[in-house]
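Subject: The structure, and some notes to go with it

Hi,

Here is the structure I promised to pass on to you. Please open it first and keep it beside you while you read my notes.

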Amino acid sequence: MMPLGKMYISPLVHVLLLAVAPPSTRAFTSPTSSSSARRLGSCSSPLAMSSASPPTPTSPRSPRNIVVIGGGIQATSVAFHISQSKHLPDGSSVTILEAQKLANAASGKGGGFMARSWGDGSPTQTLHELAFDMYEELCPMLGVQSYRKLPVLSVSPGPTAKSRQDNKSKNPSISDIVPNWLDGSVGRLAPMGFGDDTAQVTPREVVERMIEFAAIDVVLGKCVGVDAEVKGEAKAVTGVKYVDKETGEERVLPASDVVVSAGPWSCNAEHWFDGAVSLPMDGVKSTSIVWRPPRDGSPVDATALFCGEDPRYNTHLECYPRPDGTIYLCGIGGSDYISTQQLQNDAFLTDCPPKEDRVEAATASFQMMSHAYQTDGELLQSQACMRPCPPDAKPYMGRIDGYHGAFINAGHNCWGIAWAPACGKAMAELVLEGSCKSVNLNPFNPSRFTAPGSRGGRGRKKKGVSVGEQW
């Protein structure tokens, strides 16, 4: 990958990934030697829904200056899909700015598991299905090496014992998906999937490949506000204010549109848009660990594990072996809940340390299941990150009321990585076409927790109720 500062910059698309202060689609093109590009048309939702949208203050085909705030896989997917869209007018720029570095938070530390049919029938079901199908086509196109489908087992804790166990022979009906490294004490094993609708990817690689493919320029800086001017009964975005990470200077990025997609710190948009939207958010801070590949170079079978609650260690491990031979573990327990106010005060933006006692608990729990890693395992790293959780566990996706050109895409809980392609596609449609056709965004309305009297608009208010300019 080229150094960030030396990336090729498309003459029409300059994407700066802009991360936060405290607190889409020029159709996918196939990398061929031909100058003609193939449009990836297979990534469409079964739903053909669109939402009503207010008129924008500029002509639909006027050049757009679009800023995406955030540097994780969600923000990168939004920028990627916008930059690749046939609906992006010629002469437009797409600007993303990131405060620390690309994939600095959960996108650099998450497991990357996805399951097409694991939705619960709620409005997010479409995100599971659409994104899963998109990953299958997108990853080969981008050259992502870490994507693969894999089977999944449910594992109950076994008795306390440290001897090697032949769990394949004990489970002959599913022996072909019992991994070679699951050779310790376990209880009941049951299949949860055979690899037809379950898969994994390393999210950092997806971020990097999207940046490279679309020739996206990345500039580091921290968002500190949004400039806007009055346009009738609403305000129109004109720029994004940020502090340059290297120089410390405050600057403004010209913007006709801004998409806030900065994970848990997206709740800062409450301040950036002068209280026009209320975005309650918890950051659930959790520890994870990664095991090194086996010293002898032996293969690591590709089966993911979802383990039952282990009261000895207070864990409920999720184990994801990766193509590079490492094994990623989360579900370690002991998570902390970071409040909206803490997130708006910069909590864990620059440093998010793991809990050492949870590292020890996860290590002991895993080594009880794996004799191979008990005798010859070595930790590669321990880490922590946060997943962004609105009160109703549904994401914020849509327009910010009272503003032309203001959008938010955040709060995707534990599925942010799995849903990223679908969310990027949906937001690109909304930004560039005025409505979203692939996903019904109504249940994800960013204003659902905003008091009616607080929503956007510049009109005068009487007891919190808008009464117009002349009152």
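A word on burial before anything else: a residue is called buried under 20% relative accessible area, exposed over 50%, and partly exposed in between, with a 1.4 Å probe and protein chains only. By that scale Ala103 is buried, because its relative accessibility is 1%.

Please bear in mind that this is a predicted model, where local features need pLDDT of at least 70, side-chain atom pairs count only at pLDDT 80 or more, and totals for chains, interfaces and linings use all residues. Residues are numbered from 1 along each chain as its sequence is written, and side-chain values use heavy atoms, with hydrogens and water left out.

Back to Ala103, then. This residue has a positive phi of about 50° although it is not a glycine, and it sits in the loop between strand S3 (93-98) and helix H2 (106-109). The helix and strand labels are DSSP runs numbered from the N terminus: helices are H or I with at least four residues, strands are E with at least two. Asp274 is another residue other than glycine with a positive phi, near 55°. You will find Asp274 in the loop between helix H6 (269-272) and strand S13 (282-291). Asp274 is exposed, with a relative accessible area of 60%.

Next, the sheet. S4, S8 and S5 form an open, antiparallel sheet of three strands, in the order S4-S8-S5. Two strands are taken to pair if DSSP finds at least two bridges between them. At the edges are S4 (113-115) and S5 (148-149), each pairing on one side only. Helix H3 (residues 125-142) packs on this sheet and touches S4, S5 and S8, its direction making about 120° with that of S4. Contact here means heavy atoms within 4.5 Å; axes are lines fitted to C-alpha atoms, for helices over the stretch in contact, and angles run from 0 to 180 degrees between N-to-C directions. S4 and S8 (residues 198-200) are joined by three bridges, and Met114 has Ala199 as its bridge partner in S8.

There is also a hairpin to look at. Strand S10 (residues 234-244) and strand S11 (residues 250-254) pair in the antiparallel sense over five bridges, and Lys241 is partnered by Val252 in S11. Five residues lie between the two strands, and in the turn Gly248 has a positive phi of about 75°.

Which side chains make polar contacts with the side chain of Asp257? One is that of Arg64, at 2.9 Å, and another is that of Ser256, at 2.6 Å. A polar contact is a pair of N or O atoms within 3.5 Å; within protein, one must be able to donate a hydrogen and the other to accept it, and residues adjacent in sequence count only if both atoms are side-chain atoms. Asp257 belongs to strand S12 (residues 257-260) and counts as buried, because its relative accessibility is 3%. Leaving aside neighbours within four places in sequence, Asp257 is in contact with Arg64, Asn65, Ile66, Val67, Gly405, Phe407 and Val431.

Finally, the aromatic rings. Rings of Phe, Tyr and Trp (its six-membered ring) pair if their centres lie within 6.5 Å; planes under 30 degrees apart count as stacked, over 60 as edge-to-face and the rest as tilted. The count comes to 13 aromatic pairs by this rule. One of them is Trp118 with Phe306, an edge-to-face pair at 5.3 Å centre to centre and 65° between the planes. This pair links distant parts of the chain, 188 residues apart: Trp118 is in the loop between S4 and H3, and Phe306 is in strand S14 (residues 304-307). Trp118 counts as partly exposed at 26% relative accessibility, whereas Phe306 is buried, with a relative accessible area of 17%. Trp181 and Phe366 make a tilted pair, because their ring centres are 6.0 Å apart and their planes are at 40°. Both Trp181 and Phe366 are buried. One aromatic cluster is formed by Phe113, Trp118, Phe306, Tyr320 and Tyr328.
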